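Morning, everyone. Please have a look at the model on the screen. I'll take you through a few helix contacts.

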Amino acid sequence: MDIGTLRRDGRTDPFFDGAADDRLVIRRCADCDRWHAPDATGCPECGGDRLEWAAADGRAELVTWAVLHGRPGPDGTAPEPALLALVELAEGPWLQARLDGVAPAGLRAGLPLRAAFGHPEEGELHLLFRPAG
Amino acid sequence: MTDGAAIAGLGMTELGKVYGRSPRRLAADAVRLAAADAGLALSDLDGLLVSHGLGGSPGIELAGALGLRDLRLLSQMNAFGATAGAMVAHAATAVLSGQATAVACVFADAPLRPRQPSGAAYDRGAREYHGYGGMTAALGFRSVNAFYALAARRHMERYGTTSEQFGAVAVATRRWAAMNPLAQLRDPITLDDHQNSRWVAEPLHLLDCCLVSNGAIAVVVTGADRARDLARPPVHLWGWGQGHPGHRQERGSEFGLTTGATISGPIAMKMAGITPGDVDVCQLYDCYTYTVLVSLEDYGFCAKGEGGAFAASGALGPGGALSTNTGGGQLSGYYMWGMTPLSEAVIQARGEAGERQVPARDVVLVSGNGGILDHHSTLILSPHPRT
Ligand SMILES: [Zn+2]
């Protein structure tokens, strides 16, 4: 399924800087050290709003997944389905990403994964996870 | 003051592919129908609660459109799919505390347009996306279908729930719909039909997903004593509750495994003085077949993780142990958010469901579910006053 073109928004640019450097950069609470997704705006754990950008290790495991199918067109053909996943980073937060390099039949909760990035021809990179090892 | 609250009137416009009427116009029609059903004049209403909707809410301007004057209660409410239950509970509380005496609660929506596939009504597509949130949307995390598929898959992984068990819900619900003249989809389906329907978002087939409908539904809540003197059999409100679990997206989350019914169910049942075993009929919010399974578990009709086996046993359909979604629900009937289960509950409690009327209707449970299992409401209804 086509992704479209990604642009920066001025608020989450460090994530895309990290991606260009092949590092997974997310948020970490300066007050309680809890890790959060890059679009977090405050820490639900301690109520703090001092979220720093920090590089996560990139290891994760699969929580759940879905294969999103596009609507068939008038000619009956449909776009390539998209393999979506919720993954749990080693640091604790869940992220939403595409899975790559694995077929749906090979998936199970707990599958070890590693962060990677998709490189479209135009625009910013996007987040992928691939089976680890 | 009054000894209880009751639903005294029900108003339903045409539902489904109803074009050319705005949500406000539809809402006004439903409120007029509900008041007339109760045997009330519009001028007898002194409260109006208006639900948020996706296709644009009627807004509290609806009061002006209806010419309602000197209202004592007027608000727009939004708890997504839990709104109908929340509105009725708010109306009942207002009636019980003497703030108002006759409160209309209305939902209206018109997301369908002529010559547009129904799925497109709730799809917000774009070609260019911005920032991290834009990235996840671009990857496909903007589709409600995708989020419910993620939730359903988690339940399957944890408890061994199967697509065929989801299918049992779809088949049972369609059997009820076949007996409801108001239902949009009434042709019988088999488990094979379910399994062969196209994928929307695996593990969800097309026949796991609800309809999209235009239309409006309203109810009128009054004191129980007053309802007894009105035109229709009162449907008494025995209990209500809300639950908003606030699942965080992080380690330890119960996303996909539980709903807010774990909170709202016990509150509503305690208020009503009942246990799950006392419930005769369930009207559960069925945006997806999976939502029914997980709600049944959270209300305690079966053990956690056994919702699939419970549905596959035939419990939910006509003649089953727990008649559920007897009007065809949102899967086969009509999709009016929480007003779908509520309207069918009123019809059954009144004993006016015709061919699909269940024999035992002393206690009717109604659920509302909103967000991705983030918001839940419960109502317990009965044709009898709470003793
Ligand atoms: Zn913190």
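**Helix packing in chain B**

Start with α5(B) and α10(B): their crossing is left-handed, meaning the near helix is turned anticlockwise from the far one by less than a right angle. A word on the source: this is a predicted model, where local features need pLDDT of at least 70, side-chain atom pairs count only at pLDDT 80 or more, and totals for chains, interfaces and linings use all residues. Residues are numbered from 1 along each chain as its sequence is written, chains are lettered from A and ligands numbered from 1 in the order written, and side-chain values use heavy atoms, without hydrogens and water.

Back to the pair. Helix α5 of chain B covers residues 144-159, and helix α10 of chain B covers residues 289-299. Their axes come within 10 Å and cross at roughly 50°. That makes α5(B) oblique to α10(B); angles under 35 degrees count as roughly parallel, over 145 as roughly antiparallel, 65 to 115 as roughly perpendicular, and the rest as oblique.

Who touches whom? On α5(B), B:Tyr148, B:Ala151, B:Ala152 and B:His155 meet B:Tyr290, B:Thr291, B:Val294 and B:Glu297 of α10(B). Contact means heavy atoms within 4.5 Å.

Also in helix α5 of chain B is B:Arg158. B:Arg158 is partly exposed, at a relative accessible area of 49%; that class lies between buried, under 20%, and exposed, over 50%, with a 1.4 Å probe and protein chains only.

Next, helix α6 of chain B, residues 163-177. α6(B) packs against α10(B) at about 100°, axes 8 Å apart. The two are therefore roughly perpendicular. B:Phe166, B:Val169 and B:Ala170 of α6(B) make the contact with B:Thr289, B:Tyr290, B:Val292 and B:Leu293 of α10(B).

Note on methods:
Axes fitted to C-alpha atoms, helices over the stretch in contact; angles between N-to-C directions. Helix = DSSP H or I, 4+ residues; strand = E, 2+ residues; numbered from the N terminus.
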